[in-house]
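Me: I am new to this structure and would like to understand the words used to describe it. Could we go through them together?

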Amino acid sequence: MYKLSFLLKFIFFLFVFSACRENNDKNDADSALIFEESDLRKINWDEFDFYPTSTTGQVVKHKFFSLSYHEDFEQAEWVAYELKASNSFKSDFKRPYFIDDPKVKTGSADWKNYKNSGYDKGHLCPAGDMKFSIDAYNETFYTSNISPQKADFNAGVWNRLEQKVRYWADKYDGLYVVTGGILTNNLKTIGKEKVAIPDYFYKVLLDVSKDKPRMIAFLVPHKNSNQPLYEFVVSVDELEELTGIDFFPHLPDDMENTIEKNINYKSWSFNSLQ
């Protein structure tokens, strides 16, 4: 009888201890969230430096987007820009010719590398994101802003993702966007300048609407796919490990560390076709 009574008390103690611990964990999580939101409100988003780190030291700042050029691969390792909800995506500008980027000190790859290569001149910052002005649109036709892409990939899954980003920018009152190819050794190349063909392309999005920061990242194999876009969601931490790039390093450390681990895409608007 004594043993049974002792056992019941011990079980009751474990139950109370577990409940208290769970409540403390919840309080800690709530405190962390409050800290993040409070810290976020201190940031002046009009002056926020959203650029990633550069592994090459060659950061080029244009008026409407910036990039880090990687001479070894003859393309940008990232292109970064703010996509505002007020941007009009409906203007119909005449497509200009691709031209070398005058701000790339080592010289951006000539468009002729792509001629008869079997690959599209795939925009990193899409021309469709910059249709709010002719100057912004024309900037996207620097050869520093392109990477070799298979035609069905460029017009297929990658195009679906670009359209989704524009939808989110409108829905969430703007986004910060970083995109590029995964540049590694021994990639296939095209042209005399040996422009590398990435096996994967990525996008990282930062949404700061409603004082609740969140990120979502995509890693898409360089081939067309009918899979839903959420199948390509990865953590920002994973992309940082693959690229050696620190995305959004100017966010407060605690905030950055928390949201870069997240791979929960359910708070973003997807549907069964995306």
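Reply: Gladly! Let us start with pairing: two strands pair if DSSP finds at least two bridges between them. Please keep in mind that this is a predicted model.

Me: What makes strand 6 and strand 9 a pair?

Reply: The cut-off is at least two bridges, and six bridges join strand 6 to strand 9 (residues 200-207), so they count as paired. The two strands run antiparallel. As an example of a bridge, Thr179 has Lys203 in strand 9 as its partner.

Me: How do you know that strand 3 and strand 6 pair?

Reply: Five bridges link strand 3 and strand 6 in the antiparallel sense, and at least two are needed, so the pairing holds. Along it, Glu82 stands opposite Tyr176 in strand 6, and Leu83 stands opposite Leu175.

Me: Which order do the strands of the open sheet follow?

Reply: The order is 1-2-3-6-9-10-11, seven strands with antiparallel pairing. Strand 1 and strand 11 (233-234) are at the edges because each has a single partner strand, which leaves one side of each without a neighbour in the sheet.

Me: Which strands does helix 4 touch as it packs on the sheet?

Reply: Helix 4 (residues 157-171) touches strand 3, strand 6, strand 9 and strand 10 (214-221). Its direction makes about 5° with that of strand 9. Helix 5 packs on the sheet too, touching strand 9, strand 10 and strand 11, and its direction makes about 50° with that of strand 10.

Me: Why is strand 6 called largely enclosed?

Reply: Buried means under 20% relative accessible area. Seven of the seven residues of strand 6 (residues 175-181) are buried, so the rest of the structure largely encloses this strand.

Me: What covers the picture for each face of strand 6?

Reply: In a regular strand the side chains alternate between the two faces of the sheet. On one side of strand 6, Leu175, Val177, Thr179 and Gly181 are buried, and on the other Tyr176, Val178 and Gly180 are buried as well.

Me: Does Asn116 count as buried or exposed?

Reply: Exposed means over 50%, and Asn116 has 77% relative accessibility, so it counts as exposed. Asn116 lies in the loop between strand 3 (75-83) and strand 4 (120-123), and it has a positive phi of about 60° although it is not a glycine.

Me: And does Phe248 count as buried or exposed?

Reply: Phe248 has 0% relative accessibility, which is under 20%, so it counts as buried. Phe248 is in the loop between helix 5 (236-243) and helix 6 (253-260). Here too phi is positive, about 50°, although Phe248 is not a glycine.

Me: Why is the aromatic pair of Phe93 and Tyr137 called tilted?

Reply: The structure holds 17 aromatic pairs, and Phe93 with Tyr137 is one of them. Their rings are 5.4 Å centre to centre, and the limit is within 6.5 Å, so they pair. The planes are 50° apart, neither under 30 degrees (stacked) nor over 60 (edge-to-face), so the pair is tilted. Phe93 lies in the loop between strand 3 and strand 4 and Tyr137 in helix 2 (residues 134-139), so the pair ties together parts that are 44 residues apart in sequence.

Me: How exposed are Phe93 and Tyr137?

Reply: Phe93 is partly exposed, because its 23% falls between the 20% and 50% limits. Tyr137 is buried, because its 4% is under 20%. Tyr137 also forms a tilted aromatic pair with Phe141, at 5.4 Å centre to centre and 55° between the planes.

Me: How do you know that the charged end of Arg214 sits over the ring of Tyr172?

Reply: One part of the test is a distance within 6 Å of the ring centre, and the charged end of Arg214 is 4.3 Å from the centre of the Tyr172 ring. The charged end of Arg214 also sits over the ring of Trp268, 4.2 Å from its centre. Tyr172 and Trp268 belong to one aromatic cluster, whose members include Trp168 and Phe218.

Me: What makes the link between His62 and Asp101 a polar contact?

Reply: Their side chains are joined at 2.7 Å, and the limit is 3.5 Å. His62 counts as buried, because its 9% relative accessibility is under 20%.

Key:
Residues are numbered from 1 along each chain as its sequence is written. This is a predicted model: local features need pLDDT of at least 70, side-chain atom pairs count only at pLDDT 80 or more; totals for chains, interfaces and linings use all residues. Side-chain values use heavy atoms; hydrogens and water are left out. Helices (H or I, at least four residues) and strands (E, at least two) are DSSP runs, numbered from the N terminus. Buried means under 20% relative accessible area, exposed over 50%, partly exposed in between (1.4 Å probe, protein chains only). Rings of Phe, Tyr and Trp (its six-membered ring) pair if their centres lie within 6.5 Å; planes under 30 degrees apart count as stacked, over 60 as edge-to-face and the rest as tilted. A charge sits over a ring if NZ of Lys or CZ of Arg is within 6 Å of the ring centre and within 35 degrees of the ring normal. A polar contact is a pair of N or O atoms within 3.5 Å; within protein, one must be able to donate a hydrogen and the other to accept it, and residues adjacent in sequence count only if both atoms are side-chain atoms. Contact means heavy atoms within 4.5 Å. Axes are lines fitted to C-alpha atoms, for helices over the stretch in contact, and angles run from 0 to 180 degrees between N-to-C directions.
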